[in-house]
Each structure stands twice: as C-alpha cells, then as structure tokens.
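Look over the sequence and the model first.

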Amino acid sequence: MTSPYLLLAWAVSLTATLGSLFFSEVMRLPPCSLCWYQRIALFPLALILLTGIVARDRNVTKYAWPFVGIGLALAGYHNLLELGIISEELAPCSMGVSCKAPTINWFGFTIPRLSLLAFVAIGVFLWASRSVVKEVKNDS
C-alpha cells in the first residue's frame with residue numbers, strides 16, 4: 001500500500017518543479033545562482049518519489065531525504081539573505097541575477113519563500129509517511 005503522504009510529497013515536488021520551470025521558461029525570470037542550486041535538489045525528487053511509488057519501494061524516503069535536507073538548507077539560506085539577515089557579501093550571486101532582490105511577490109511569497117515552503121512540505125509529508133510504512137510492516 002502506498003502512503004498517501006508519499007503521494008502528497010510527490011505532488012508537491014512535481015508542482016514545485018513545474019512552477020520553477022514556469023517562472024524561468026514562461027515568465028522569462030532568470031534564476032539566480034541559489035535558485036539553480038535549489039533546483040538541483042528539487043528536480044530529482046519528483047522522479048525519485050514517483051519511481052519509489054511505482055516500485056512500491058519502502059526505502060524511497062531514504063533516497064529522498066538527502067535532497068530535501070540540501071534543499072532546505074539552501075532555501076533557508078536564500079530566505080535569510082533575501083530578508084537581510086545574512087549580508088549580501090556572503091551571496092554566491094556576484095554576477096548576473098541578484099539573490100537578494102525578489103523578482104516576484106505574490107501575497108508575501110517570493111520565489112525563495114515558495115522554495116522553502118515546498119521543501120518543508122515535502123519533508124513533513126516524508127516524515128508523516130513513516131507511520132504508514134511502520135503500520136504496513138507491523139501488519140505483515
């Protein structure tokens with residue numbers, strides 16, 4: 001039995017991936033360096049989680065957690081930078097698009113905040129899926 005939480009984690013990762021591509025390819029908003037790094041952590045999650053769901057691999061969360069952890073760290077750092085808590089001198093965006101200047105602001109949600117929200121949601125759903133996997137193992 002596939003955990004509904006695992007399906008939700010996959011849905012969030014797929015939505016965030018498609019949203020990221022929408023911002024860059026449709027809205028023509030070039031990603032900054034930190035956004036690229038977050039994409040590197042995000043994009044494989046949709047494929048990893050889907051593969052784990054289709055294969056009914058109970059260990060899929062073990063493969064997903066490193067990507068979630070790296071994405072959370074990068075998104076957290078990006079948000080602290082955007083909020084001015086971390087100096088812009090510590091930003092990897094020395095050339096090209098600024099990591100600090102928000103390109104969108106929809107009801108208080110900037111791209112780094114959307115990224116952080118996605119990684120938090122994926123992490124929460126992965127954590128919640130543990131209980132379903134434990135129940136299935138106990139029933140076996």
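At what angle do α2 and α3 pack, and how far apart are their axes? In this predicted model, the angle is about 155° and the axes are 9 Å apart. Angles over 145 degrees count as roughly antiparallel, so α2 and α3 are roughly antiparallel to each other.

**α2 against α3**
- The crossing of these two helices, α2 and α3, is left-handed.
- On the α2 side, the contact residues include Leu34, Tyr37, Ile40, Pro44, Ile48 and Gly52.
- They meet α3 residues, among them Val60, Tyr63, Phe67, Ile70, Leu74 and His78.
- By class, this contact of α2 with α3 has 19 nonpolar, four polar and no charged residues.

**α1 against α2**
- The axes of α1 and α2 come within 9 Å and cross at roughly 140°.
- That angle makes α1 oblique to α2.
- α1 passes α2 in a left-handed crossing.
- From α1, the contact includes Leu6, Trp10, Leu14, Thr17 and Leu21; from α2, it includes Arg39, Phe43, Ala46 and Ile53.
- The residues of the contact of α1 with α2 divide into 14 nonpolar, four polar and one charged.

**The largest pocket**
- The largest pocket has a volume of about 520 Å³.
- Its lining has 31 residues; Ser20, Phe23, Ile111, Leu114 and Ser115 lie nearest the centre.
- Elements giving two or more residues to this lining are α1 (4-26), α2 (33-55), α3 (60-82) and α4 (111-139).
- The lining of the largest pocket has 20 nonpolar, nine polar and two charged residues.

How values were computed: Residues numbered from 1 in each chain as written. Predicted model: local features only at pLDDT ≥ 70, side-chain atom pairs only at ≥ 80, totals over all residues. Heavy atoms only, no water. 1 Å grid on protein atoms, 1.4 Å probe; cavity = no way out; pocket = protein on both sides within 12 Å on 5 of 7 lines; lining within 4 Å. Points joined across faces, edges and corners; volume = space filled by probe spheres on them. Helix = DSSP H or I, 4+ residues; strand = E, 2+ residues; numbered from the N terminus. Nonpolar A, V, L, I, M, F, W, Y, C, P; charged D, E, K, R; others polar. Axes fitted to C-alpha atoms, helices over the stretch in contact; angles between N-to-C directions. Parallel < 35°, antiparallel > 145°, perpendicular 65-115°, else oblique. Left-handed = near helix turned anticlockwise from the far one by under 90°. Contact = heavy atoms within 4.5 Å.
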